[in-house]
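Hello,

Here is the structure I promised to pass on to you. Have a look at it first, and then read on for what turned up.

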Amino acid sequence: MRSLLRLRRITGALLLAFVLLCAGLPPAAAAPAAAPSVAACTLVGVTRRCELWARAGTLSLSGAPAVPIWGYAASAAGPASLPGPTIEAVVGEILEVTLHNEIGEPSALAFPGMALASDSVGVAPGATRTYTLTVTQPGTFLYQAGLTPGGVRQVAMGLYGALLVRPTTPGTAYDLTTAYDDEALLVYSEIDPAFNAAPASFPMQQFAPVYLLINGRAYPESEPLLTGAGRRVLLRQINAGLHHRSLGLLGLRQRIIATDGAPLAQPFSVVAETLAPGQTLDSLVSMPAGAAVGTRYPLYATGMPGQGPGGPAALGGMLTFLTLQAAATPDTAGPATSAISVTPALSNGASPLQLIATISDVASGNGAVTAAEYFLDTVGADGTGTPITAGLGASSVSLGASIPLAALAGLADGPHTVFVHGRDTAGNWGASASASFTLDRAAPGVSGLALAPARARFDEPVTFTLSASDPATIAAGEYFIGADPGAGAGQPLSPSDGSFDETSEELQAILSLNALAPGTYSVGARARDAAGNWSAPITVALEVHDTYFSDGFESGDVSAWTSTGGNGARLSVTSAAAMDGTALGMRAVISAGTSGFVEHTMDADRSAYRARFYLDLSGATLGTAARTVFVARDTRATPRNAFQVQVRYNNNRYQVRVVVARTGGNSSTSWRTISGPTAVEVGWSSATSGSLTLALNGVLQQTLSNLNTSGYLVRAVRLGPQGNLSGASGTIHFDEFVATRSTVVGP
Amino acid sequence: MRPGTPGPLIRGLATFVAFVALLAAVRGAAAQSLAVPPNGIVCTTSADDSFALTATDGYISLPDGNSVYMWSFASGTGPFQHPGPVICVDQGDTVTITLSNTLSQPVSLIFPGQSDVLANGVPSQPQFSGATLTSLAPAAPTGGSVTYQFVANEPGTYLYESGTNPGVQVQMGLFGAIVVRPAGHPDWVYADASTAFDPAHEYLMLLSEIDPYLHMALERGQSYDMGQYRPRYFLINGRSFPDTIAPNGAAWLPDQPYGALAHIYPYDPVTNPLPALVRYVGVGSADFPFHPHGNHSRVVGRDGRPLRGDGGEDLSYEKFSLPIGPGQTWDVTFSWHDAENFSPSNPIPVTVPNQQNLFAGAYWSGSPYLGGTGTLPVGGEGYNQCGEYYHVAHNHALTQITSWGLTMSGMMTYTRIDPPEPNSCP
C-alpha cells in the first residue's frame, strides 16, 4: 500500500487510508475525492510544458452530498480535481502552463511568488492561454485562478493546486541542509457547500466552511502519511482555504525550514504553526528512531474544529496521521540499466551519436535514479564517467545523451562499446549495460563508370553502370549530369543485384536525357558506404544528339531505310550519285512518269523535324511543273504531308521550294535557284505559330513564320521523285540524308 | 484605550467589579489561601510529580452576569475549577497524571509537545472502534480512569487537553497548562541563562473562548450542530475582563481561581534587571492576536523550545502583537522601560488644562508621573492606589474583547507598573 507520502517524490496515487485497510471495514461511503494527480507536462530541453483544464466537477465526501466544484483537470478528458494537478518542476526550468478555460466565465492563472505579471483579464470560456514563467528558486508554491473579476470566487470553488519546484540536488527541499527521506504535499482547503451551490451570488461574508480538507479529502478519507522510524519527512504545506489555520502534530515536532518558498536562514522548531490563507510552509519532521511499526502521530487542525460530517472526533476533516510502517531494508542495490542503444550503430564520425538507455531502481530499492554516466570502451571508477544529467529523478527513467564529435574524434575506426549505469538516492551505482557501435571513416572507391551508349539521342535511354567497393558495405550510389551538386544531392543509383549488402556492388541507373539539349555533358557518380562515407566522384562524357536518322548510302544499298516506294527498280546506289565527298549516293531514274523513293518511318510522331540532303538535278528534265522530291508525312488517320520539297526547271534554271501544310491550306517558300549538288535543309516544327526554314548550302534562304502547323506531326519521310512526274525524265541524285529534331546540320 | 459605553447600568457594574477586583488583587480577600500569591502564575506541584485530574462539570461566572456550564479538570478530589490546574514540574521529571472521568462522555488527555507519552503503561495512540476514530489517546470512560506518563525532557510551556471528541470537549473547557522548569534553574525559561526572568513576576495567559449555546445544549443533554459554533465569550485563564484583573482565588470567582493581572516594576539595570515572564497558551479555534500595550514584548520560545539557531544564534524577537494560535505556546518576556523619565523635574511638555476641562479616567492618580498622586476631580472614581501606571493588554481582534456584545470585557487584562520602591503601594 502506498500513501500520500512517498520516497523522495510524490506519486499522487489514489489509495485508501491506512486505517481503513488495516481494519478491513471501510465505512459506507461515497467515492472519495480524487487525490492530487501530477500535471501532465513534457520537458523539451529546459522548457516544461504543462496543460490545465479548468472545468466543473464534483467533490464527493463520505457522509455528505456531492458538492459542485470548479477544479483543474490533468487531461482533456479527465475530471476536475481538488486540489488541481501538482506541477512539478526543477529549478531553472521555463514553465509554459496552458490554461484551457472550460468554466462559464473568464478565468486566468496566477502564480503567487513568481515573477509573472498579474493577468486580471484572463481568457474567455472555451479559449486557452499559455503562461510562461521561469522558476528561479526551489520551493513550495500555490497556483490558483487569477484575479479576474470572478477570480476570488473561482479560487473558493476549488481552482488551485500546488507548484513544487525542486532543487537540482534530489532528496533536498532547498539545499543539502534540508535533505529528507520522505515527502508529503498537504494542501489544506475549505468547502462551504452553500457557496458552491451559488458561487456567483453567495455573500462571501457568510462563508462558513463545513468541510476542512487535506488534499481534497476529509478525515476519515484523508490519506495517511506512511513513513518509517528514524526517517526525516518533508511536509510541504499549503493553505488554500480562506482562514488562518494552525496545523500541528501530536508526539512530534516540526522544524520550519521555509515559508512561501523562501528558506529561513535559521529554522526553528514548533509543534503547531499558523498558516495564513495562501501561505505555504515547509517543515521537516524527524520520526523517532525507536518507535514501533504501526505507531500513528496525528497531524491535525489544532483549533479543534467540530463541524463537518465526521463530527468533533474528525476535527472537521482536517486530520491525518504520520504512520510508521515496517523499516525498509537498507538499499544496497543500484539501479538496473536496460534497453540501451546507440544510434547510428555504424557511424563515420561526422555526427554525434545518440545514446538511449532505461535505468530503473524499481526492483532495487525503488529509490530515484539521481545520477547516470557513460564510458567509452573502458569502464572507469563509479562517478568518473561522462555524466548524463537530463531526465533524472524518477525511479525509472529513460535517458538520452549525445556522444559528441569531440569524443568520437579520439577513437580509431572499428568497433567500440558504450557502457551506461545509474545511481540511486542511496548512492548505489548499478551494473553497467553496454551497446556497441562501429566507426568507419574509410571512403569507398569507384571505378568502371560506363555509359551505354556514350552517344545517345535525346529520347534514348542510356544505361549507366559503375563499380563501387568499400571495406565495409556499399550503401548507396548517386550520379549527376553537369555540375556536381554535392555529395548526397545526386540522383540515386541502384544495385544491380537488387540490394546494398556487399563490400563490392555494381551500381546502375537508366538515364533519361529528355531534358538535355544536344551537346556533350559530364556525367559523374560516387558511392557511399553504410557508415556514410562518400567516395570521390568519377566522371565520364556523354554526348547527346537529336539525329533521328541518317544515311549516306555508303552501305551500297538502301537497306538503312524502312522501305522503298513507287517503282523501286528506278532506284540504285552508285558512285555517280555521290556528293559531299562521299563514295556513293542514290540515283533515282524518272521514266515513263514513274520513279522510286526511299521511305524512313520513325518510332514516334515528332513535333519537330529538320531534314538535310544533297540534291543534284543536273541530269533531270523537269519542265516547269513542280515535282516533289521529298515529303514529310503525318501518318495518323488519313496520311497527309506536313511539308514537301519540290523542284522545277524554269527560265533555264533549276529551282527548289518547300511547301508546308498549315491550318487552312498550304504555304510555300519562293522558288530558289540551285545549280549542281546542293545541300537542301528544311527545318519544321508543329506549333500554333510555327515556322519553316529553308537553307541551301548552309545559307538560310527563307523563313515562313506564324504558320499554324499544330495539326501535323511527322512520322515518316520519303526521299525521291514522287507524285506527278508526267513529262519528267532523266535522273535525280540524292545523298547524305540527315534528319534531326532541331539541330542545324549544315552543308 | 478609552472605556466604552455599553450602558450606564452595566458600565457601572463593570466598573464596580473592577474596583473591587483591583482592591482584592492587592490586598487579598479573606478566602484566599495564603500560599497563593494575589497575582502571578499559580503552580500545582507534587513531590513525586504525580497529579490527579478529574474531568467534571461546573459553572463559571461572566461579567455580563451570566453563568456558563463548563467541563473542566479538577485537581484530584478538589473543587471544580476552570481552567484545570497548572501542572508545574522540573526538567527530567517523570510526570504521572491520572485522569478520572465523571462526565457523560469518555475523556482523554493529549500532551502536545511531549514525546513518548504512555497511557496505562503503553504508548498513547489514537483509538479506533472498527474503522472509526474514537479518540486521539486512550480515554477514560464515565467513572473510569487512565494513567498517563511522560518524561518532561524539555523545559517550556505546554498544554494538556482532551483528545476525545476534541471539537466539543476542548471547547467545553477540558484543558490546562503545564510548565516545565529547567533543571536547577527555576528562574530561567529554558536551559539557557539568557532566558532568566524574575520569578516573582511570572504570569500565565491561557487564552480560550466559549460558545454559550454549545454549553447550554450539553448542560441540557441536547444535541448541538457544531456547524453553528460561534464563540461569544473570550477568556484569559478562564475569566473575562474585568475578572481578569481580580486576584488569584478571588472569593466571588470560586470556580475561576486564576487571575491575569501582570503586576511589575519598571526596568532598572541594578534593582530590577530581569524581565517578567508571560507564558501564553492558545486554546481557541483561531489565532488570538494578543497585544500588550507599552513597549514591545520579546518572544523567547515557541511550543517549549527556545528561539535559538543551530549555532546558538539568538532568534528571539520583539513583537507588540502576539498571534497566539490554537495549540501553540509562546514564551514571552516583558520589561517596562521608562523611556522618557518624565517627572516633576522633567515635565511632560504639555499644558494641562484646568480641571473643569479635564476628563479623568478611573485610574487617574491626579498626577501623570509614575509614583505621583494629586487632586482628583470631584466625583473622580480614584482607583489609583499609589501613582501606579496601567497598560491594557488585550486581544486585538476587537470583537473578542466583548462578552456577547458587551464591549470592554472579554480577552483583556492589565499590566500594572508600580513605582519603584520605596513606594506607597499597599
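Before the first finding, one term: two strands are taken to pair if DSSP finds at least two bridges between them. In that sense, Leu692(A) stands opposite Leu704(A), which belongs to S52(A). Please keep in mind throughout that this is a predicted model.

The partner strands here are S51 (residues 690–696) and S52 (residues 699–707) of chain A, which run antiparallel and are joined by six bridges. Together S51(A) and S52(A) make a hairpin, with two residues between them. Which residue in the turn has a positive phi? That is Asn697(A), with a value of about 55 degrees.

Stepping back to chain A as a whole, you will find 54 strands and four helices. Of its 747 residues, 49% are buried. Among contacts in chain A with a separation of 6 or more, 69% are between residues 24 or more positions apart.

Now for the place where the chains meet. Here 37 residues of chain A are in contact with 41 residues of chain B. On the chain B side, strand S10 (132–135) and helix H2 (166–172) each supply at least two of the residues that touch chain A. H2(B) gives the most to that side, with five residues. Sorted by class, the side of chain B that touches chain A has 19 nonpolar residues, 16 polar ones and six charged ones.

I hope this gives you a handy way in. Do write back with any questions.

Best wishes

Definitions and conventions. Residues are numbered from 1 along each chain as its sequence is written. Chains are lettered from A and ligands numbered from 1 in the order in which they are written. This is a predicted model: local features need pLDDT of at least 70, side-chain atom pairs count only at pLDDT 80 or more; totals for chains, interfaces and linings use all residues. Two residues are in contact if their C-beta atoms, placed from the backbone, lie within 7 Å. Ala, Val, Leu, Ile, Met, Phe, Trp, Tyr, Cys and Pro count as nonpolar, Asp, Glu, Lys and Arg as charged, and the others, Gly among them, as polar. A residue is buried if 20 or more other C-beta atoms lie within 10 Å of its own, exposed if 12 or fewer, and partly exposed in between; C-beta atoms are placed from the backbone.
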